[in-house]
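Subject: Structure handover

Hello,

Here is the structure you asked to have passed on. My notes on the contacts follow it.

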2 protein chains.
Amino acid sequence: MTTQFTPAVPVRTYERVVEQIESAITSGTVRPGEHLPSERELMVQFSVSRPTIREALRVLQSMGLVESKPGGRGGPKVLEPSPASLTRSFATMVRLDSLSMTELVQFRLVLDSSACRLASTLHTAEQLEQMRSCVERMEAEVGKDAEAFARADMDFHLTVWEASGNALLAMCGRAVAGAILELITRQLKDSGATERTEAESAALDRGIFEAIAAGEAAEAGRRARQAIYDRYASILPPSDGPGLDALMG
Amino acid sequence: MTTQFTPAVPVRTYERVVEQIESAITSGTVRPGEHLPSERELMVQFSVSRPTIREALRVLQSMGLVESKPGGRGGPKVLEPSPASLTRSFATMVRLDSLSMTELVQFRLVLDSSACRLASTLHTAEQLEQMRSCVERMEAEVGKDAEAFARADMDFHLTVWEASGNALLAMCGRAVAGAILELITRQLKDSGATERTEAESAALDRGIFEAIAAGEAAEAGRRARQAIYDRYASILPPSDGPGLDALMG
DNA sequence: CAAGTGGGATGGTAAGACCAGTGCACCGAA
DNA sequence: TTCGGTGCACTGGTCTTACCATCCCACTTG
């Protein structure tokens, strides 16, 4: 025997509770909508104290797996799967990492063009109709209600992400678009100079829509890239140009 | 006055503690590597009891923001930003069936090919050397140490993501790769059938490396796409084919 | 039979205590 | 003087107990 002892890593009690409950949920032993035993019941079943149970429940809650409410008969409720936790993780990462505007725009360029390619072949008739509606709303609001225009713009992209059939792409797209929007509005409050590009934006989005409608994946991707580039390149430091250009070929 | 009372929503004490500490971290008041006050100190500063502080810390810990170890002078340590929490979210969602493996692979295909394109033009000499080293490590471990091979493989992609110059891309890439790896290895434990593709994987990665080294962005992206496709298409349900094919053009 | 009231269970929070591990400072030996 | 070991103080981990606010349900009462 070659002294193959495994390190005696200390394992937190509440972590084991988390593991067991988590696997009970993912394995379907308890289904969404059902209730776990109450804290007092769990502390008996796990042979641990209530604070330990509670710490475990807090972790599960922050993962979006369960929800605790007082009173309701029968303890913590198992929630429906939801992207809330992923969205939050993504958002905190974006906030935490002191990302540059260029990185955000670059990332969105990647996501958007891919989503458009996918949407070109995977869209449903209904989604296509919704895209058309959004584009028309944009065109109708050019130069009028800036907020309504922005909303229509966002709705268009939401629909595209939806139509890509990839929930991950959709979630990241929403998160990064939100982050960009936030930074932009903050930045604009300093510098002024807002609209005037509305007409161009609407035209770009219509171009994307038509490529998607025609099912021309490559063209849709190209137009999406170009749209992001045209819209945001001007607000990025010129020194960051290579980063964007590398993706434009 | 039009009866504009806001609902007296009960707010959990530990949630407020989480918020305050979280904003202290995201705002940079405390930096990664630094220590928060000890639990006993925090319970004085927040005027709450220790269990409340601990529940808040468990939540922050599950978000990957802090780490608690006994002894070390000065309380919980603030961690470097890491994709760990994102990785876990991905894996959990797939296990809960609210995300398919195909979506995960598709997402990685998008990220990987973009990262390779960027890396082709933005890489430093040092990073290039590191990539070469990883590829050679892979080739040396073919058919030998499976774990060392996997590590070299992962290191290669880590370097590529690093070289892309986009921290967001890198984080998401690491997260999705980690999730895929975790899910795959679990799946393999059930089905057996592992190696034999190691040689092919090494060859694919070498191809990517050479395209990056040559600065051929488009070719690097194409090869990265192909590599993901070849490696994972076989484990995905054939009905999900269109999703991947749409990106392969 | 309906409306209101009470009880009982739940989660939220607090206070106090003990244990095990860690790091540092101090002190003794080389 | 310097190196090494020992002890102490502090940390987090866990447990116990307790009290409060809330909520659901059943029972009582009109």
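The surface near DNA strand D has eleven charged, eight polar and six nonpolar residues. This is a predicted model, so please read the distances below as computed from its atoms. In all, 25 residues surround DNA strand D, and the closest of them come from both chains: Thr13(A) and Thr52(A) on one side, Arg40(B), Arg50(B) and Arg54(B) on the other.

Which part of DNA strand D do the atoms within 4 Å of the protein belong to? Sugar or phosphate accounts for 67% of them, and bases for the rest.

- Glu39(B): a polar backbone atom is 2.9 Å from a phosphate oxygen of DNA strand D.
- Arg54(B): a polar side-chain atom is 2.9 Å from a phosphate oxygen of DNA strand D.
- Arg40(B): a polar side-chain atom is 2.8 Å from a base nitrogen of DNA strand D.

The elements that give two or more residues to this surface are H1 and H3 of chain A, together with helix H2 (39–45) and helix H3 (50–62) of chain B.

Next, the protein–protein interface. Here 53 residues of chain A are in contact with 50 residues of chain B. About 4500 Å² is buried between the two chains, and carbon and sulfur atoms give 66% of that area. On the side of chain A, Met93(A), Leu96(A) and Leu168(A) lose the most area to chain B, together 13% of what that side buries.

As for polar terms, the rule finds 18 residue pairs in polar contact across the interface, both residues being at pLDDT 80 or more. It also finds four salt bridges between chain A and chain B. One of the salt bridges joins Arg54(A) to Glu55(B), with the closest N and O atoms 2.9 Å apart.

Six helices of chain A give two or more residues each to the side that touches chain B: H1 (13–26), H3 (50–62), H4 (84–96), H5 (101–122), H8 (167–191) and H11 (241–248). H5(A) gives the most, with eleven residues. By class, that side of chain A has 29 nonpolar, 14 polar and ten charged residues.

Finally, how are the two copies related? Chain A is superposed on chain B by a rotation of 179 degrees with 1.0 Å of shift along the axis, at an RMSD of 3.0 Å. The copies are therefore related as by a two-fold rotation axis. Ser89(A) comes closest to that axis among the residues of chain A, its C-alpha lying at 2.9 Å. The same surface serves both copies, as 91% of the contact residues of chain A recur in chain B.

Regards

Notes. Residues numbered from 1 in each chain as written. Chains lettered and ligands numbered in written order. Predicted model: local features only at pLDDT ≥ 70, side-chain atom pairs only at ≥ 80, totals over all residues. Heavy atoms only, no water. Contact = heavy atoms within 4.5 Å. Buried area = accessible area lost by both parts, 1.4 Å probe. Salt bridge = Lys/Arg side-chain N within 4 Å of Asp/Glu carboxyl O. Polar contact = N/O pair within 3.5 Å; in protein donor to acceptor, adjacent residues only side chain to side chain. Helix = DSSP H or I, 4+ residues; strand = E, 2+ residues; numbered from the N terminus. Nonpolar A, V, L, I, M, F, W, Y, C, P; charged D, E, K, R; others polar. Least-squares fit on C-alpha atoms with pLDDT ≥ 70 in both. Near = heavy atom within 4 Å.
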